[in-house]
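Hi,

Here is the structure I promised to pass on.

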Amino acid sequence: MLTTTTLAPPSPALTRSGALARLHDVVVLVRRNLIHIAREPLQLSDVTVQPVLFTLLFVYVFGSGVPIHDGSYKDFAIAGLMLLNLTTSAMGTAVGLISDITTGAIDRFCTLPMWRSAVLVGRSLADLLSSALCIAIVAVTGLAIGWRPDASAGSILAGFAIALLFSYALSWACAALGVVSKGPESAQGVGLIILFPLAIVSNAMVPTAGMPGWLQVIANWNPVSSVTAAVRHLFGNPNPSATISAWPMQHPVLAAVAWSALILAVFAPLAAHLFRQKTTG
Amino acid sequence: MIEADSLTKSFGATKALAGVSFSVPAGSILGMLGPNGAGKTTAVRILTTLAIPDDGQAKVAGHDVVAEAAAVRRSIGVTAQDATIDEALTGRQNLVMVGELSGLKRKAAKSRAAELLTRFDLLEAADRVTKGYSGGMRRRLDLAASLVTRPSVLFLDEPTTGLDPTSRLLMWQVIRGLVSEGTTILLTTQYLEEADELADRIVVIDHGTVIAEGTAAELKRQIGGARLSVTLAEPHPRAVAALTGLVDGDVQVSQDGRRLQAAVRSTSGLGTTVVRALDANGVVVDDVEVRPPSLDDVFFSLTGHGALDLEGETCDLQVLEGVS
């Protein structure tokens, strides 16, 4: 076999390995996924139209009915709206991944001499970029209707960063969900059942103080509440949760980082493992 | 270039492959023939590192498909049964992406993409999103994608299924061209005609095992010199008995009882003899045909059922007196 010769010209530039090659694969797939987001109206509206719509609806519909002590509902709501949008749009990761698996796009990737996990990393990074666009749109909409942060530029940036860190961690959990789901529709369905309560049973849109006792406990320990409280704190916006004695509400920044790290630590390896299993069945 | 040795693979209770062995010498085409669900795609998935066999082993371009999967991936091109092109990308973007993920620099990937788009007559549609491509264009793009790295071994899983005749002929032309350049090809197909046209050797797979192997001519020789096919005006109980003395082996009868087939030695006056014999038994004949055996006949006599479960009368035929 080794002595046979073929007339085909030798394969060009195919010896590759190491971190640089992996990074290259990731960059290629990030670019590919961004094209997908840009070309699929539904996916794009998740991070463009929906944030504007949610912001206007919540501020003008709920705003009148929710009294916020040291400030306006508007100032209270923007951080929450960022988290609401980030959390619900995280589903896109699950749907996109299982779509790629069911359409056979992943099969093509898996027969190429590339780093297979680049499929997951590339998707998570592309989704991170679209998340950044999403909260930027919430912020711009907020600014247009009178929301004002009251903190140093560094602190405000830290607020954005902490929201995106959480969003990134959540996308790995959704990647794991995507790999095990039966198809895009079922991923969307299951994602909604998990993510919607996660976003709503929190301090994102209303202070938790008005909830029934048992629900308060859940809401106060919900990672979304920690991140929202942390972002409010860093933006210098009203943060009613600061008076709640639950540990995450007393240390929102630390809790937000800890939750994100925990989710990443659990779900990134899990997603990679499940993906490997799925693609070498 | 491709060597499969006793590959087995089960999915739950279903045994997709029950010990499949074959080999494809460098620079040749092996046609893998079998009905839907015979195990063709599973075999291809194992050889292209998309699945791991339960047992047995395989080498592609000298590398073990499990232990040296990465090396295998560097040597192969794959055109899957469902075209795996990216619908949100343009044709060009698809090819550039595959090139880059195969380790080409962006510039090299771009020039290779342009080359392939020209060769596969896709230049005009190159910068359109592939969602709007026709079936034939998709297949061509998919094949182009599998050729980006100039692989020495190519896997084509039913490359012409669902294509119109013109696109199919075009695809055949391309495949012949690749072989003349020295590429080793494993081609799976449900179309006997396709295997007959393209393949140097053929393996016939059914229920996860290889049931025959050889060149198209060898396989045809296995089932005798010619095929007699008789169509009756209406089913008749004595029709089979009337033919039995005139043919080699069994007479196969279609489910509606009107079509009879059998292997025969083609002799002068055979048609007349057949019609007289049937007529003497009171059987009314609509049509008599004596023709060389097709791979369809081979497939039928090997498996007892037709190649395509959905297509035409071959699947309705039943072996009356058992396979000899």
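Predicted model: local features only at pLDDT ≥ 70, side-chain atom pairs only at ≥ 80, totals over all residues.

Let's start with chain B. It has eleven helices and 15 strands, and its C-alpha trace spans about 80 × 45 × 35 Å along the principal axes. Of its 324 residues, 48% count as buried. If you take the contacts in chain B with a separation of 6 or more, 67% of them are between residues 24 or more positions apart.

Chain B is split into two parts: domain 1 covers 2-219 and domain 2 covers 224-319. Their C-alpha centres lie 36 Å apart. Where they meet, 13 residues of domain 1 are in contact with ten residues of domain 2. On the domain 1 side, at least two residues each come from helix 7 (192-198), strand 9 (201-206), strand 10 (209-214) and helix 8 (216-222) of chain B. Helix 7 gives the largest share, three residues. By type, that side of domain 1 has nine nonpolar, two polar and two charged residues.

Now zoom in on strand 8 of chain B, residues 184-189. Is this strand mostly covered or open? Mostly covered: six of its six residues are buried. In a regular strand, side chains alternate between the two faces of the sheet. Here B:Thr184, B:Leu186 and B:Thr188 sit on one side, B:Ile185, B:Leu187 and B:Thr189 on the other, and all of them are buried.

Which strands pair with strand 8 of chain B? One is strand 3 (residues 29-33), parallel to strand 8 over five bridges, with B:Ile29 partnered by B:Ile185. Another is strand 7 (residues 153-157), also parallel over five bridges, and there B:Phe155 has B:Leu186 as its bridge partner.

Last, the two chains together. 31 residues of chain A are in contact with 37 residues of chain B. On the chain A side, helix 1 (18-39) and helix 6 (105-110) of chain A are the elements that give two or more residues. Helix 1 of chain A has the largest share, with six. The chain A side divides into 16 nonpolar, eight polar and seven charged residues.

Cheers

Technical notes
Residues numbered from 1 in each chain as written. Chains lettered and ligands numbered in written order. Buried ≥ 20, exposed ≤ 12 C-beta atoms within 10 Å, placed from the backbone. Helix = DSSP H or I, 4+ residues; strand = E, 2+ residues; numbered from the N terminus. Pairing = 2+ DSSP bridges. Contact = placed C-beta atoms within 7 Å. Nonpolar A, V, L, I, M, F, W, Y, C, P; charged D, E, K, R; others polar. Domains from an automatic or database assignment.
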